[in-house]
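The following explanation leads the reader through selected features of one protein structure. Please keep the sequence and the three-dimensional view at hand while reading.

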Amino acid sequence: MAAEIHSRPQSRRPVLLSKVEGHQDAVSAALLIPKEDGVITAGEDRTIRVWLKRDSGQYWPSIYHTMASPCSAMAYHHDSRRIFVGQDNGAIMEFHISEDFNKMNFVKTYPGKLLTTIYTNIYVKGRYDHETQHAFVGDYSGQITLLKLEQNTCSVITTLKGHEDEYLHMQSEPIDTQFASKCKPGTVPLVFWSGLDKVQAICYIQLTRQLVSCSADGGIAVWNMDISREEAPQWLESDSCQKCEQPFFWNIKQMWDTKTIGLRQHHCRKCGQAVCGKCSTKRSSYPIMGFEFQVRVCDSCFESIKDEDRTSLATFHEGKHNISHMSMDISRGLMVTCGSDRIVKVAGESANNSGLFMSCFSIADKLLYYENVQPTYSKDWPQRFLDEFPSLSSSPSPRDMEKPDATEQIHFILLFSRQGKLRLQKWYTTLPDKEKKKIIREIVQIILSRNQKTSSFVDWKDLKLVYKRYASLYFCCAIEDQDNELLTLEVVHRYVELLDRYFGNVCELDIIFNFEKAYFILDEFIIGGEVQETSKKTAVKAIEESDMLQETVEEYMNKPAF
C-alpha cells in the first residue's frame, strides 16, 4: 500500500535548549537521566558517554567508556543506576554508575541462552512483556511475531502483519495491553501516515493517550489516540476501473475488444477500490483514518467527506535533524533526540508554554500525573508540585500567549565569493548531500545575477533569502517566509562583527585559511538555527579560551617524554 506524502502542516516548534556534539559516528540511543540534568548516549563509535549540564549551560562528558563492539540499544534504570547496553555482536553489557555520575563499573555480560529455534526473517528489534511473559519480535519483512516464553520452551502464538517494509521499533502500553509499532516507509500500520521519510522513533504517552513519532527527515508528529479511528481499507485488485469499467493497460483483451487505450491504475485511500485517473481527480485529507495530508480519493468518496471530517487530529513539529531515537521526560517537559548526524538535541517547553509538550501534557494532566505518580506527598503538595513542574510557577497571561515567537529560525547560512566559490556553509535542516549541492548552485546563481541596487530579500520556494555583500564575500541566510528580514540582516552583521573582532580587519583569506575558526565563531553565535549569544564580548572570550586551551595542549604534546 503506497501513500502520497506532502509537506507537513506547520505548528509551533519545540524550543532547542542544548545541543550535544562529540560522537565520531551515528548515535544509536540517547536517554535523559531522571531528576538530573544529564544525558546518557551510546553510539556506533563504540562509546558510552554520560553528559552532565554545567553551570555554563553546556553539556560536558562526565563518563567516557569504550566498548568492544558498536552499541545498538540501551536501557537505564535510575533507582539502581544500572545501564544495559546491547551490542552488534549480540552481547548485552551491564554497568553500574556511581552516585556522582563520574564513574561507571562493569558488572557482567549476558551472552544469551538458546531455548528453541524460531525461523523468521532477519530479526531487527523486539520487546518483552514481563507480566504476561510474551515477546514481540519484528523482522525485515515487516511482520511481528508474538512468542510465549516459559521456563525452557518458546512457542509461536500468532503473527501480526500490517507493515510493508522493514520493522524498526515498538512501544507497548502496559495498562490497556496495547502496542504500536513502526516501519520504514513512514507508517504506523493501518492507522497513520506520519512523515516524508521513514519513522524511526515512537513514544506513547500513557496519561494523555498520545503517540509521538519521529522520522528520519526530522519531523515530529503528535497523534491523538483517545478517539476511535477507522481502519484503512485493503487495496483491491482489478483489471479495469471499478467506477467506469475502463480497462487498465495490462488488460489486453478488453483493450482489443473496446478498441481503447489502457489506463493507469490508482487506488482510493478511503474505499480501497481500483480506479483510473479520471475517476480519482480529487484529493483530500481524512484524519479519522490517519491521512493527515491530502491523498488520492475517488470522486464519490470525496463528495462523502464533510468539512468537519478534515479537521486535523495531530500536531506536527520540526526537529531540524535526522532522528533515529527519542526519549521523553514528561514530568520535566524535556525530550532528547539523536540520529545519524552525530548530534544529540535536548528540547523543552517554550517560554510561553505553547510548544510541543504543552500540546501533549496540559496543566490538568500534570495535576493528574502528580496525584497518580506522587501519592505520598504531604499537605504541602501544591508547593512541591510547583517545584516538580517549575514551568507552571510563572504562567503567562493570555495577552502574552497571543504574542508571536520573536526567535528567528535560520535554515542554512552560505558564504561565497563574487566568483561563486563557496567559503562556508552551515545547515540547520537535514538534507541529502546531493540536494545541498543543488540548492547551493541555484542560490549562488540567483544572487550573483542580481543588480547591486536591488533589494537584499529574495523569495525562494517556500523560504526567504536574506543576503548582504561585505567586500568580496556574500553572506546569505534562508529564513521562513513569516520571519523578520531586517532582524536577519542584523544577525548577519553581528556575525561579521564577531569575525572582524577576532581576526582584526577580516578578509576573505582569513576565512579560507582559518575556516575552522569561522565555524567555531558561528557555533558560539547560532545553535540550531537560532541566536543563542548576542554579546560580542562573551562570544569572543569563549573563542579565546578555546585557543588558549588548544595552545596548552599542543605545547604539552610537543614536550619530550623522559
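**Salt bridges and a sheet**

Glu508 is buried, with a relative accessible area of 16%, because a residue counts as buried when this value is under 20%. The model in which this residue is examined is a predicted one. The partner of Glu508 in a salt bridge is Arg423, and their closest N and O atoms are 2.8 Å apart. This pair links distant parts of the chain: Glu508 belongs to helix H9 (residues 508–513), Arg423 belongs to strand S30 (residues 422–427), and the two residues are 85 residues apart. Arg423 is partly exposed, its relative accessible area being 27%.

Lys426 and Asp523 meet through their side chains in a salt bridge, with a distance of 3.1 Å from N to O. Because Lys426 lies in strand S30 and Asp523 in helix H10 (residues 515–525), the pair ties together parts that are 97 residues apart in sequence. Is Lys426 buried or exposed? With a relative accessible area of 16%, Lys426 is buried. Asp523, in contrast, counts as partly exposed at 27% relative accessibility.

Another salt bridge joins Arg310 and Asp307, whose closest N and O atoms lie 3.3 Å apart. Here Arg310 counts as partly exposed, at 24% relative accessibility. Asp307 is exposed, with a relative accessible area of 63%, because the term applies to values over 50%. How many salt bridges does a search of the whole structure find? The search finds 10 salt bridges.

Attention now turns to a sheet. Strands of a sheet pair through backbone hydrogen bonds, either parallel or antiparallel. Which order do the strands of the open sheet of 4 strands follow? The order is S2-S3-S4-S5, and the pairing is antiparallel. Strand S2 (27–32) and strand S5 (59–66) stand at the edges; each has a single partner strand, and therefore one side of each is left without a neighbour in the sheet. On average, neighbouring strands of this sheet are turned by 20° against each other, direction ignored.

The edge strand S5 can be followed to its partner. Strand S4 (residues 47–53) pairs with S5 in the antiparallel sense over 7 bridges. As for individual residues, Lys53 has Tyr59 in S5 as its bridge partner.

Terms used: Residues are numbered from 1 along each chain as its sequence is written. This is a predicted model: local features need pLDDT of at least 70, side-chain atom pairs count only at pLDDT 80 or more; totals for chains, interfaces and linings use all residues. Side-chain values use heavy atoms; hydrogens and water are left out. A salt bridge is a side-chain nitrogen of Lys or Arg within 4 Å of a carboxyl oxygen of Asp or Glu. Buried means under 20% relative accessible area, exposed over 50%, partly exposed in between (1.4 Å probe, protein chains only). Two strands pair if DSSP finds at least two bridges between them. Axes are lines fitted to C-alpha atoms, for helices over the stretch in contact, and angles run from 0 to 180 degrees between N-to-C directions.
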